[in-house]
Amino acid sequence: MQRTDTDGEEEPLLLLADEEHADQHQTFAPNPFAHLPVYTTIHRVRHEVIASIDDPYSLEQLRAPRINVAIVRPLVDRLWDHEDISIIYCLLVNKLQFLREQAFQSHQTINNTRAHLCELVALKVLRRFDEENPGREGLLLLAKILVAGFEPFQNAPEEVVRENSHVIHWTIQNAGGYERKSTALEVAIISESKMFLCMPACQKVMEAVYVGKVVYTPSSFIDILPDHYKHKPITLYRPNKAVLLNQYRLMVPRTRNLMDIGQFILLLILYILTMKNRNDEDFTTYELVFSVYALGWVLDEFASILEHGWQCYTQNLWAFLDAMFAVIYIVYMILRIHNLATGDARSGAPALDILSAGAPVLIPRLAFNLLSENMLFVSLRAMMADFTVLTLLAVWCFAGFLLSMLWLSDGSHTPVTISKWMLWVWFGLDGTGIQRSVEFHWLIGPILMVTFAFLGNTLFLTILVSMLSSTFAKIASNADAEIQFRRAVLTFESVKSDAIFAYQPPFNLLALCIMLPLKFMLSPRWFHKINVAAVRIINAPLLVTISLYERRHLWGSPKSKVRSLLAFWDFSRFSVHGDTQAVFAFDPPQSVMDEIYKAKNTSGQVDSQDLGLSGKSAKKPPLTRTKTRKDSFGTVAGLTEHLSDFLHEYGGGGDIHNRLEALEEATKRMEALLIKLGQDLGDDDSESDPDISRAVKGYTNAGGEDS
């Protein structure tokens, strides 16, 4: 038997013994996408892309109308299949591979062009899926395309699987056939496909996943507390049919984001209280509470890294701040535990001193949370990465100056003192190093220090400012795509499968100490029941609040009498132009939609008096064909035939009809003349079109050969 999306939510906690025995072996529903030939599609896409383009182009050139019609659109038509939802995943996997190959071929940009082409084709294919499937069912289909799990070797030949067994069988956890899966959204984030992620169809799915309209069970790298007894398929969430205490709503990205902000604010408050009441000799109550809570917070961050891997984790805007504070806290805890174990009061002060260094990390992190879409914070992450790389390279290169002056001083100055003088010269703070450079050597010392000043204070800082300015300008020029990319990263990372995330700090420490041993002692079914009961008891007030709110606001609901009465006191509604916004607040009724469709059908009707038509021919029904995006571009071939059929259908217009036929005949005679000239010059390659061949024969019979 197969579970539905609401069976797991409405199922009672305890079942009868016979029901439990019957359900011991049924833990996972079969994968509905296991039949898709992902391995074959990946290599088919690679072959098509390589065959389609062999010249380097920029992204702007690929999006130009000429290349779009010649290369992109035919490739979309060949690859699009309404029954194969893995095509987006295969395209993005190929983009990632082309980018990896480009990293080893810096002198050529053809692989970079092919990577852009894969992303562009994926964008157009997803847009076609969106246009062909409107409504909620279309939203569900788009969600399956983006968040359904696939693996590159799915349905590959047995010899291929055998040769790559060391790559495929890396997982250490059993997830009922859903292990080793990755999604198109995850591959898009890793490959930084920002153009794809900011398209409306993708953002529609991201918004639905973020607020919890679309629910699914994500694939994970490693789970600290795995509870894979039930695997929720990709479905549309219906809050009115779910139980009141639905523990799965704790994994909704919007809820997770609010919970993370609340947890961090509590961590910051405990940190300030601990440092304000610090005591090097005694372990205060504030420090005890902070240490336990911070340990649970660090455990939550460590579980996030294991969930999707380090590469996805570092794409988050404030990931480097969390990692820095985790390192500071671990060093503090090691020194503090040594202090308590040995009773040495001298080791307590360094521990708290190191913990005080976390303030420059925690305070800005709150601003990153609250203003995550501000361009300053969006660009600051990339600028910090460039600054760190350039600084490390500069320190590496300038280490030779330090060694030279250290050897010249012959032990008269320590390395710390020389490094301090060099640092002051580097940033232009003090010239003590230049003044005392003669103490190293009367000639070589000043030469080394002045050379270092030129290279460090002038060249390095100039390069640094130029690099940071270029990075900021590049991000600011594509601000919308950068912001949408960060939203996608936040949404993807907030959907968790590890059961440890259902326990908020510091309860996750208790779950690790109690629930993890039970995992090895109980059956998967009973462990799942105990885990669900514990999560619901601990988070009962929060789950009730979430359930009541979503039943009223998730999919929208009719206004109650109380809300109608309170709406009068909503002062934000009093605006001169408020009606221009309120007219779009709700969908129009069916009667209005009928009038819109009626006007749309009659808009293509041609006035009979303008065409000189009368009588019965003027009463013909109007044309009702509507063009979509796919056939919005037409070719010149067949245009005359369509115009002739149109005029013949409505009658009349004989003079125009005769002129069109004469024009077509004249065009064929001109083509025949050109082909005949080509044959006379030795190019006998024109027998492909039967109409033109007949025109050539007619032209020859008419005496065109003598002319």
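Reader: Which helices do the buried residues of α21 pack against?
Author: Happy to start there; keep in mind that this is a predicted model. The buried residues of α21 are Ile-418, Trp-421, Met-422, Val-425 and Trp-426. They pack against α20 (375-409), α22 and α23.

Reader: Within what arc do the buried residues of α21 fall, seen down the axis?
Author: An α-helix has 3.6 residues a turn, so residues three or four places apart point the same way. Among the buried residues of α21 are Ile-418, Trp-421 and Val-425. The buried residues line one face of the helix, because seen down the axis they fall within an arc of 140°.

Reader: How far apart are the end C-alpha atoms of α21?
Author: The helix has twelve residues, and at 1.5 Å a residue they should span 16 Å. The model agrees with that expectation, as the end C-alpha atoms are apart by 16 Å.

Reader: What is the phi of Gly-428, which follows α21?
Author: Gly-428 comes after the helix, and its phi is positive. The value is near 70°.

Reader: Trp-421 and Phe-440 form a ring pair; is the pair stacked, edge-to-face or tilted?
Author: A pair of aromatic rings is described by the distance of the centres and the angle of the planes. Trp-421 is in helix α21, while Phe-440 is in the loop between α22 (432-435) and α23 (444-477), 19 residues apart. Both Trp-421 and Phe-440 are buried. Their ring centres are 6.3 Å apart and their planes are at 45°, so the pair is tilted.

Reader: How many aromatic pairs are there?
Author: Rings of Phe, Tyr and Trp pair if their centres lie within 6.5 Å. By this rule the count is 20 aromatic pairs.

Reader: How many residues apart in sequence are the parts that Trp-80 and Phe-129 tie together?
Author: This pair is tilted, with 5.7 Å from centre to centre and 50° between the planes. Trp-80 and Phe-129 are both buried. Since Trp-80 lies in the loop between α5 (65-79) and α6 (87-103) and Phe-129 in helix α7 (residues 110-132), the pair ties together parts whose separation in sequence is 49 residues.

Reader: Which residue has its charged end over the ring of Trp-80?
Author: Trp-80 is a buried residue. The charged end over its ring is 5.5 Å from the ring centre and belongs to Arg-128.

Reader: Which helices do the buried residues of α3 pack against?
Author: Helix α3 (residues 38-52) has 15 residues and reaches 21 Å from its first C-alpha to its last, close to the 21 Å expected. Its buried residues include Val-38, Ile-42, Val-45 and Val-49. They pack against α5, α6, α7 and α9 (158-163).

Reader: Is Ser-304 buried or exposed?
Author: Ser-304 is in helix α15 (residues 285-308). The cut-off for buried is under 20% relative accessible area. Ser-304 has 12% relative accessibility, so Ser-304 counts as buried.

Reader: Which residue's backbone oxygen does the side chain of Ser-304 reach?
Author: Leaving aside neighbours within four places in sequence, Ser-304 is in contact with Tyr-313, Lys-496 and Phe-501. Its side chain also reaches a backbone oxygen at 3.0 Å, that of Asp-300.

Reader: How far is the C-alpha atom of Phe-472 from that of Leu-376?
Author: Phe-472 is found in helix α23, and its relative accessible area of 37% makes it partly exposed. Not counting residues up to four places away in sequence, Phe-472 touches Met-375, Ser-379 and Met-383. Phe-472 and Leu-376 are 96 residues apart along the chain, and their C-alpha atoms are separated by 8.7 Å.

Reader: What is the phi of Asn-155?
Author: Asn-155 is in the loop between α8 (135-147) and α9. At 42% relative accessibility, Asn-155 counts as partly exposed. Although Asn-155 is not a glycine, its phi is positive, about 60°.

Conventions
Residues numbered from 1 in each chain as written. Predicted model: local features only at pLDDT ≥ 70, side-chain atom pairs only at ≥ 80, totals over all residues. Heavy atoms only, no water. Phe/Tyr/Trp six-rings, centres within 6.5 Å; stacked < 30°, edge-to-face > 60°. Helix = DSSP H or I, 4+ residues; strand = E, 2+ residues; numbered from the N terminus. Buried < 20%, exposed > 50% of the residue type's maximum accessible area, 1.4 Å probe, protein only. Lys NZ or Arg CZ within 6 Å of the ring centre and 35° of its normal. Expected span 1.5 Å × (residues − 1). Arc of directions from axis to C-beta. Contact = heavy atoms within 4.5 Å. Polar contact = N/O pair within 3.5 Å; in protein donor to acceptor, adjacent residues only side chain to side chain.
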